[in-house]
Amino acid sequence: MSGTAQRLLVHRGTFAATGPAGDITGGRGTAPDGLFVRDARHLSRWRLTAAGRPLVVLTTTDAGAVLVPPGTRDEPPAFTVLREQAVGHGTFAERLRLVNNLGRPARVTLELTAGADFADQFELRSDGRGYDKPGATHSVRPVPGGVEFGYRRGDDWTSSTTVTARPQPDELRVPGTPGAPEAAVRPGDGTDWKPAGAPAAAGTGLAAELMDRHEHAAERVLVWHLTLPPHAERELTLAVRAFAAHGSPPRATATPARLRAEQHEDVAEFTAASPRPAAPAGRADLLRAAEAGLTDLAGLRVPATGPDGEVLRVPGAGTPWFLTLFGRDSLLTSLFALPYRPALAAATLKALAAAQGTRHRAAGLEQPGRIPHEIRHGELAHFRQVPYGRYYGSVDATPLFLVLLDAHARRTGDPALARRLETHARAAVEWMFRDGGLTGRGYLVYTSDAGAGGLENQNWKDSAGAICRADGTPATGAVAVAEAQGYAYDALLRTARLARDVWEDPSYADRLEAAAEALRERFVRDFWLPGADFPALALDGDGRRADALASDAGHLLWSGILDHDRGVRVGRRLLEPDFFSGWGIRTLAAGQAPYHPLSYHRGSIWPHDNAVIALGLARYGLIAEAGAVADALTEAARRHDWRLPEVMAGYGRDHHPEPVPYPHACSPQAWAAATPLALLTAVGGGAGT
């Protein structure tokens with residue numbers, strides 16, 4: 001790990017992002033740090049110093065760091081701190097081992113500054129938005145062995161973070177006031193905390209007063225005055241427990257070693273399960289990337305509930321912004337992993353079925369039968385200051401749900417889940433016809449939700465301006481994006497197969513097959529660009545073609561909506577230099593007015609996008625082209641320590657010998673982690689699911 005890289009610990013829906021030393025600064029923007037549980041930051045400050053001076057990092061790993069006070073060649077550091085950290089469900093644990101490097105006693109004053117701002121993740125983004133929080137209050141109070149930070153808003157939103165230490169600190173101070181400890185610990189008595197300079201009964205009141213008049217009100221400094229015998233060690237352990245509003249209680253405290261052992265066992269059980277990925281000849285590096293991806297997928301699993309309240313673990317979309325259930329992301333991740341980890345697909349289908357829309361509700365865009373885009377648990381979602389508590393603004397999650405349901409039944413040979421979710425599947429189909437737009441417009445369509453604080457675009461390219469014409473003009477009105485029509489076509493055929501073979505309803509199957517064939521015919525008529533010999537990116541609300549040449553066309557191969565000849569021509573076009581950078585296929589072909597190599601969706605390279613395309617290339621018999629995509633992404637993975645990021649810049653390999661990072665990419669990201677699995681399927685000689 002580099003000396004400047006952010007360390008990331010993630011397990012069971014909890015993650016901690018720290019600096020190389022293991023510190024947390026309270027950063028915001030593209031790479032916020034902190035301890036996060038259920039979309040809230042439960043530690044915003046965690047800084048270790050000695051005698052008020054920062055420590056120097058000698059080395060750092062995922063498990064911790066080796067730190068020393070500043071020293072010189074002639075006066076080397078008097079002591080070393082070996083720092084270990086780990087996370088569990090709602091828990092952060094730290095072990096500090098202080099080693100005296102001298103042949104005489106060493107006096108050490110160690111300080112740990114801790115704080116919790118309870119910021120919602122949406123507050124931490126770099127988009128400049130602010131949110132009012134009427135009536136919100138913070139509190140800080142001493143507890144035996146440490147301190148508790150609290151947050152309350154209204155009658156039903158209460159969160160807290162407790163920090164406890166063994167041995168207990170000698171002092172608890174407000175930052176910046178070293179001569180006036182807020183509370184002191186009496187040796188041998190871990191229960192008697194007394195605010196300095198005030199009667200014992202004033203405890204909480206004094207803390208509240210200090211919060212009103214001090215800039216560091218939401219922080220406290222735990223202080224230890226230690227004497228280390230010659231060449232001796234002293235150990236401190238710290239435990240942080242995050243009690244998230246409306247969440248389950250955090251696990252009991254444990255040491256970092258115990259938490260890491262439990263995580264290792266959990267990950268090993270997932271990665272060692274059968275069937276095991278296997279690489280075709282000459283693709284050992286791709287297998288290595290797939291194995292690394294499985295490890296990341298194991299850690300990204302988050303808790304969810306099924307239709308009958310059963311507890312599930314589903315792939316959360318990714319860190320730092322998306323560690324929660326997402327419709328599109330979790331479905332595609334599960335599809336990529338299906339040949340190797342079918343249990344992920346079963347859990348995802350059940351969790352999304354449990355959250356399926358049941359009514360028409362403008363806030364959140366809920367509609368009967370619609371599969372949600374994302375589910376959030378944070379404060380701003382709870383108070384509906386953002387629409388994402390249960391947000392349905394996705395045009396493609398619903399057909400992808402149907403695709404995965406059939407794919408799971410076919411891959412496992414077990415139709416039990418398809419039988420159980422028949423009602424949900426039929427509701428999803430009816431959403432496509434009714435509210436989705438297949439009956440009225442002939443296509444799945446969406447309109448911008450930006451005015452209500454939601455998404456402007458509701459396909460996978462969901463950033464503003466991503467769906468555009470070749471001149472860069474955004475498509476407006478009721479937009480029909482190309483790839484969603486392919487998903488709908490595939491979903492109709494797959495659901496027809498379930499209706500005929502599992503539900504024993506041949507008339508329903510006939511209806512869906514006829515609808516699929518009609519969709520295929522009008523798609524070519526309305527979307528095909530004769531001059532470019534390529535499909536349009538979208539139709540706008542007036543039926544005009546958004547004629548930008550985009551990677552979405554490759555998704556049409558995966559779904560099979562194009563006839564063979566057109567599919568082959570599209571597939572080969574995607575491997576031409578304006579699309580294919582050498583590291584993957586760009587989201588938008590270079591040379592067009594809206595192309596930008598550092599745009600989120602208008603020129604960057606997304607591994608999962610390439611995985612869908614590779615599966616489509618294989619489906620149309622373009623095995624060499626699928627192999628070229630797999631080779632490019634394998635090389636990119638090798639240069640990212642075998643972990644593919646969410647997105648890469650679109651610069652070509654012919655102009656730069658290394659893949660250029662996209663500055664705001666999430667990593668690990670679930671569908672990027674699952675991409676090597678999909679590539680293995682593609683180059684293994686078939687399109688898999």
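1. Strand β9, residues 79-88, is mostly covered, with 9 of its 10 residues buried. The model is a predicted one, and the points below should be read as such.

2. β9 has pairing partners in β8 and β10. Strand β8 (residues 64-68) pairs with β9 in the antiparallel sense over 4 bridges; in this pairing Gly64 stands opposite Glu84 of β9. Strand β10 (residues 91-100) also pairs with β9 in the antiparallel sense, here over 10 bridges.

3. Gly88 stands opposite Thr91 in β10.

4. Helices α5 (residues 327-337) and α6 (residues 342-354) pack with their axes 8 Å apart, at an angle of about 155 degrees. Angles over 145 degrees count as roughly antiparallel, and α5 and α6 are therefore roughly antiparallel to each other. Their crossing is left-handed. On the α5 side the contact is made by Gly327, Ser330, Leu331, Ser334 and Ala337, and on the α6 side by Pro342, Leu344, Ala345, Thr348, Leu349 and Leu352. These contact residues divide into 7 nonpolar and 4 polar, with no charged ones.

5. Ala273 lies in the loop between α3 (256-271) and α4 (284-300). The C-alpha atoms of Ala273 and Gly567 are separated by 36 Å, and the two residues are 294 residues apart along the chain.

Notes. Residues are numbered from 1 along each chain as its sequence is written. This is a predicted model: local features need pLDDT of at least 70, side-chain atom pairs count only at pLDDT 80 or more; totals for chains, interfaces and linings use all residues. Side-chain values use heavy atoms; hydrogens and water are left out. Buried means under 20% relative accessible area, exposed over 50%, partly exposed in between (1.4 Å probe, protein chains only). Helices (H or I, at least four residues) and strands (E, at least two) are DSSP runs, numbered from the N terminus. Two strands pair if DSSP finds at least two bridges between them. Axes are lines fitted to C-alpha atoms, for helices over the stretch in contact, and angles run from 0 to 180 degrees between N-to-C directions. Angles under 35 degrees count as roughly parallel, over 145 as roughly antiparallel, 65 to 115 as roughly perpendicular and the rest as oblique. A crossing is left-handed if the near helix is turned anticlockwise from the far one by less than a right angle, and right-handed if clockwise. Contact means heavy atoms within 4.5 Å. Ala, Val, Leu, Ile, Met, Phe, Trp, Tyr, Cys and Pro count as nonpolar, Asp, Glu, Lys and Arg as charged, and the others, Gly among them, as polar.
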